[in-house]
Amino acid sequence: IIALFGAVSVAPATAVSLRQAAAVTLGATAFHNFAYIFNDLVDLPLDRTDPRRLNFPLVRGAISPRQTGLFILLQILCAFAVTYWSSGGASAYLALAAAFLFMATYDLWGKRCFLPPLTDLAQGIGWGCLALWAAALMPGDLTGLTWVLFLYLALFILLINGLHGSFRDLANDYKHGVRSTAILLGVRPKGEEVLLIPQRVRHYAAVLQAALIVLVFIPFLGDMLGYSPGKALLTILVLIFLSFISWRLMVRALDAAAYRPQML
């Protein structure tokens, strides 16, 4: 979906051919496989200490690290092959290379960096570059809408990986000295199913959530969507409602984590 959003930010959805949509989807799937499986390979020693992951194929040895490495390499080759098949220009290759580089940066140092939000942001930029790659495969130049999407993705991943994702693994991460944004901000395990969440965590989440909500409305300020006044007003009203719901869900998610982090 991230890549398809990138494609339609340049060309209207009706102008994206089935062949282009298939190419973007295939390349995005390869990148997705790389991002998560390379992370599993790097985190294998840590995952072996987590009882919840004992049945994972890589952890229990059903798949070897060598096989995993070859699969990861195949994903990189597949994504670049799709770019070549799609007659991508230099900007497409550059965006794709940046996407892999930033994602690899997170996978390698995401739980080892002295300032974890930096690697969270690196992962967000990686996903944002995937959207830029898809946009660069389309005829025409990148638009303001493309860059709004890029910023949204970077901040979205910064939020969900830094907090929601960190909450899920916090007990085991804290036990083994992992560096994560949640731990940096003072979140601590309290018993088997409870997290101690300082107020600064809520402030951090609130600032990022507010920034995401603002970004949603920027395309309307610059008339980037080309909507008629009536359609724009209706869409804005719907987005205001959805923004309110998303804010309430964020608060509830933080409250839930204070009782049962696995609920996230």
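What follows is a chat about salt bridges, helix packing, loops and the surface.

Me: Before we start, is this an experimental structure or a predicted one?

Reply: This is a predicted model, so let's keep that in mind as we go.

Me: Okay, salt bridges then. How many does the structure hold?

Reply: The structure holds nine salt bridges. As background, side chains of opposite charge can pair when their charged atoms come close.

Me: Can you show me one? What does the side chain of Lys111 meet at 4.0 Å?

Reply: Lys111 forms a salt bridge with Asp169, at 4.0 Å from N to O. Lys111 sits in the loop between helix 5 and helix 6 (116-137), while Asp169 belongs to helix 7 (residues 144-175), so this pair ties together parts that are 58 residues apart in sequence.

Me: Nice. And Lys111, is that buried or exposed?

Reply: Lys111 counts as buried, because its relative accessibility is 18% and the cut-off for buried is under 20%. Asp169 counts as buried too, at 7% relative accessibility.

Me: Which other residue meets Lys111 in a salt bridge, this time at 3.6 Å?

Reply: That's Asp173, whose side chain meets Lys111 at 3.6 Å, N to O. This pair also links distant parts of the chain, with Asp173 in helix 7 and Lys111 in the loop between helix 5 and helix 6, 62 residues apart.

Me: How accessible is Asp173?

Reply: Asp173 has 3% relative accessibility, so Asp173 counts as buried.

Me: Which residues are linked in a network of salt bridges?

Reply: The network links Asp47, Asp50, Arg52, Arg53, Lys111, Arg168, Asp169 and Asp173.

Me: Let's change topic to helices. How do helix 2 and helix 5 pack?

Reply: Helix 2 (residues 18-42) and helix 5 (residues 90-109) pack at an angle of about 25 degrees, and their axes are 9 Å apart. Angles under 35 degrees count as roughly parallel, so helix 2 and helix 5 are roughly parallel to each other.

Me: And what's the handedness of that crossing, left or right?

Reply: Helix 2 passes helix 5 in a right-handed crossing.

Me: How about helix 4 and helix 5? What angle do they cross at?

Reply: Helix 4 and helix 5 cross at roughly 165 degrees, and their axes come within 10 Å. An angle over 145 degrees counts as roughly antiparallel, so that is how helix 4 and helix 5 run relative to each other. The crossing of helix 4 past helix 5 is right-handed.

Me: Now the loops. What is the phi of Ser87?

Reply: Ser87 has a positive phi of about 55 degrees, although it is not a glycine. You'll find Ser87 in the loop between helix 4 (65-85) and helix 5. Ser87 is exposed, with a relative accessible area of 65%.

Me: And Asp223, what's its phi?

Reply: Asp223 has a positive phi near 50 degrees, and Asp223 is a residue other than glycine. Its place is the loop between helix 9 (199-221) and helix 10. With a relative accessible area of 52%, Asp223 is exposed.

Me: Last topic, the surface. Which residues make the nonpolar surface patch of about 690 Å²?

Reply: That patch is made by Leu234, Val238, Phe241, Leu242, Phe244, Ile245 and Leu249. Leu249, one of these residues, lies in helix 10 (residues 229-257). At 48% relative accessibility, Leu249 counts as partly exposed.

Me: One more. How far is the C-alpha atom of Val214 from that of Ser243?

Reply: Those two C-alpha atoms are separated by 9.5 Å, with Val214 and Ser243 lying 29 residues apart along the chain. Val214 is in helix 9, and Val214 is exposed at a relative accessible area of 52%.

Me: And the C-alpha atoms of Lys175 and Leu132, how far apart are those?

Reply: They are separated by 38 Å, and the two residues are 43 residues apart along the chain. Lys175 is in helix 7 and is exposed, with a relative accessible area of 67%.

Me: Great, thanks for the tour!

Terms used: Residues numbered from 1 in each chain as written. Predicted model: local features only at pLDDT ≥ 70, side-chain atom pairs only at ≥ 80, totals over all residues. Heavy atoms only, no water. Patch = residues over 30% accessible without salt bridge, like charges linked within 9 Å, V, L, I, M, F, W, Y side chains within 5 Å. Areas by Shrake-Rupley, 256 points an atom, 1.4 Å probe, with all protein chains shown as cover. Helix = DSSP H or I, 4+ residues; strand = E, 2+ residues; numbered from the N terminus. Buried < 20%, exposed > 50% of the residue type's maximum accessible area, 1.4 Å probe, protein only. Axes fitted to C-alpha atoms, helices over the stretch in contact; angles between N-to-C directions. Parallel < 35°, antiparallel > 145°, perpendicular 65-115°, else oblique. Left-handed = near helix turned anticlockwise from the far one by under 90°.
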